Amino acid sequence: MFRSLQSRRAALVGTLGVVALSGGLLAVVPSGAAADAVDTADAAAVPALNPCVPTDRGLPEVTSVSFSPTSVDVRQGPARVQVTVKVSDPGGPGAATGLASGQVTFANGGLYADLRVVDDQTMTGTVVVGRNRLPGKKSGPTQTRLDQVLIKDVAGNRTDLTGERLAAVTPVDTLQVTGDPDRTAPVISGLAASRRNLDARRGDNRVVLTARISDDRSDVQDPVVQIYSTDGPYSSRVALEHVRGDLFRGTWRAPRWGTANVSGYRIASITAYDSSLSGRSPESERGTAWIRRQLGTDVLRVRSFVDTTAPRISDVRVSPMSIDLDGGPQLIVTRARVVDPQAPVSYVGLDQYTDFVFPGVAVRPRLISGDRHDGVWEARFMSRCSIPRERVDEGAGVWFADNAASLRREYRTANHDLSVVLTGNKVNRVLYGVTGLPGGAVQVDLNRGVFNVTDASGRLEQADGTQIPGSWTACQDADGVAVSCIDGPVRRAIYTPTEPLASGAIVYLTLDPSGVLDLLSSQGVPPAYARSKVVVP
């Protein structure tokens, strides 16, 4: 197995996750690794890196965070604050995959910005401070401090800066906001509909909804009209956009298909928020009684085509029917025929297979033949190359479809059609726990035998990151017998500082601190990158 893995190291895929378990254990789960215990290995052959493990393990490094301006006045209107984050992505041991996404958050007031990638070392975003949206509840200038910076690279490595680590790269971390606090809800004073009776069969199925909403201190935010069918499963949220002054407008498109010749659609409510404080409070809402007074009715009457049947899903197929986990990720193709002689099919979806077998389907099934009354739909996605359960013999999924009348038909698989049999060796997780010993030594217990334990495989340090010199002084196998730290398999290893440490001292141990991925189990899986806290007894 491992001879073939070496040739595929340039095409590694998967995602590593660190999961906290009971007893202080940390789990590294490469693309959902299995837990079948395998300690045996050919000691003469160093395991190659498993194809489930990405070679970019380097954390993005934030070198500076700045924002401008550092003081805004929002008494007359909103203000924008530009945030710039300088980042380096070292990669390692393989090439860096590049920056992917990020976010900055201020301590209170609901102020944040999503970051976009400008180049391989710069990310920027804009924080919008709404009119009189204060981070505090008092009038006059208030302050909010930059609270968190989160950066992710394409491989999924994540750097999360808070507290002292964030302050160290942020010369100015305080934003001053001047405004007048708003403690009153927006006022919804009017609602009008362009028509209350319409024939959607003729093509023009639009109803324009116009509302008057005002707020004396801050900006009106997220006004929405909620509409429900009086005799079916249909519902709709109509977002209203600001036109001018206190005028807001949105368009509802009535369904051309319904469960009766004439269907009723109730305007159930209209809600609005203002942009003060957290941006979600206070709220204003008007219900059906108020809406009836405004429109003379709360029900819109729509003449439509009639549909009384849900889509029918049949001929479900999946290929391949068997997956060899030794082969790494594999393309899964599944198809289904969806038929509805009345309303055309409006949506076809495929829920993810068993969570721990395949990832959620990233793309919607697409129509590859026929039409929306009778067609074949196809979805393509990649299987995982490993699974985290003790035993999983097969996995299945759920096809579902909606038609234009919002009538849904689900097809749930049992032990046929979409079931996939899994074969091959399941990749095992590497779990470990740490225990402090007198004098500052740290005992590491692993649930899998690992190989190539060298002095570079561990780093002991103080809370501020200062390294404490030391080395691995003992390695044992599963039976407690001393073994070579290089040749293994090592199930227990003790890292001892050069100089003894005082009782009560707090230290941190990291396995494979440089991320070179040469400390591996027999299946080529490294332990998690984690900084484990240890108290010297």
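Which residue stands opposite Leu247 in β18? In this predicted model, the residue is Arg244.

Strand β17 covers residues 241–244, while β18 takes in residues 247–253. The two run antiparallel and are joined by three bridges. Besides the Arg244 and Leu247 pair, there is a bridge between Glu241 and Arg249, the latter sitting in β18. The connection is a hairpin, with two residues between β17 and β18. Gly245 belongs to the turn, and its phi is positive, at about 50 degrees.

On to the other partner of β18. Strand β14, residues 206–214, is also antiparallel to β18, and here seven bridges do the joining. Put together, the open sheet has four strands, ordered β12-β14-β18-β17, with antiparallel pairing. At its edges stand β12 (187–193) and β17; each has a single partner strand, so one side of each lacks a neighbour in the sheet. From one strand to the next, the twist averages 30 degrees.

Five bridges hold β39, residues 506–511, against β41 in the antiparallel sense. Within that pairing, Val507 is found opposite Val534 of β41.

Is Asp512 buried or exposed? With a relative accessible area of 2%, Asp512 counts as buried because that value falls under the 20% cut-off. Asn452 sits in the loop between β35 (442–451) and β36.

Two cis peptide bonds also turn up. The bond from Ser68 to Pro69 is cis, with omega near -5 degrees, and Pro69 belongs to the loop between β3 and β4 (71–73). The bond from Gly488 to Pro489 is cis too, with omega near -5 degrees. Pro489 is placed in the loop between β37 (470–476) and β38 (490–497).

The loop in question runs between β28 (366–370) and β29 (374–382). Asp371 has a relative accessible area of 39%, so it is partly exposed, the class that lies between the 20% and 50% cut-offs. Its C-alpha atom is separated by 8.5 Å from that of Pro344, a residue 27 positions away along the chain.

Next, the packing. The largest nonpolar core holds 28 residues, and Val65, Val85, Val149 and Ile151 are the ones touching the most other members. At least two residues of this core come from each of β3 (61–68), β5 (79–88), β6 (99–106), β7 (112–119), β8 (122–129), β9 (140–153) and β11 (174–179). Which strand gives the most to this core? That would be β5, with five residues. In soluble globular proteins, nonpolar side chains tend to be buried together.

Searching the whole structure gives three cavities of 30 Å³ or more, and the largest cavity holds about 80 Å³ of space. Its lining is made up of 14 residues, with Ser229, Tyr234, Gly258, Tyr265 and Ala405 lying nearest the centre. Both β19 (257–258) and β20 (262–274) supply at least two residues each to this lining. By type, the lining residues of the largest cavity split into seven nonpolar, six polar and one charged.

Conventions
Residues numbered from 1 in each chain as written. Predicted model: local features only at pLDDT ≥ 70, side-chain atom pairs only at ≥ 80, totals over all residues. Heavy atoms only, no water. 1 Å grid on protein atoms, 1.4 Å probe; cavity = no way out; pocket = protein on both sides within 12 Å on 5 of 7 lines; lining within 4 Å. Points joined across faces, edges and corners; volume = space filled by probe spheres on them. Nonpolar A, V, L, I, M, F, W, Y, C, P; charged D, E, K, R; others polar. Pairing = 2+ DSSP bridges. Axes fitted to C-alpha atoms, helices over the stretch in contact; angles between N-to-C directions. Core = buried A, V, L, I, M, F, W, Y, C linked by side-chain atoms within 4.5 Å. Buried < 20%, exposed > 50% of the residue type's maximum accessible area, 1.4 Å probe, protein only.
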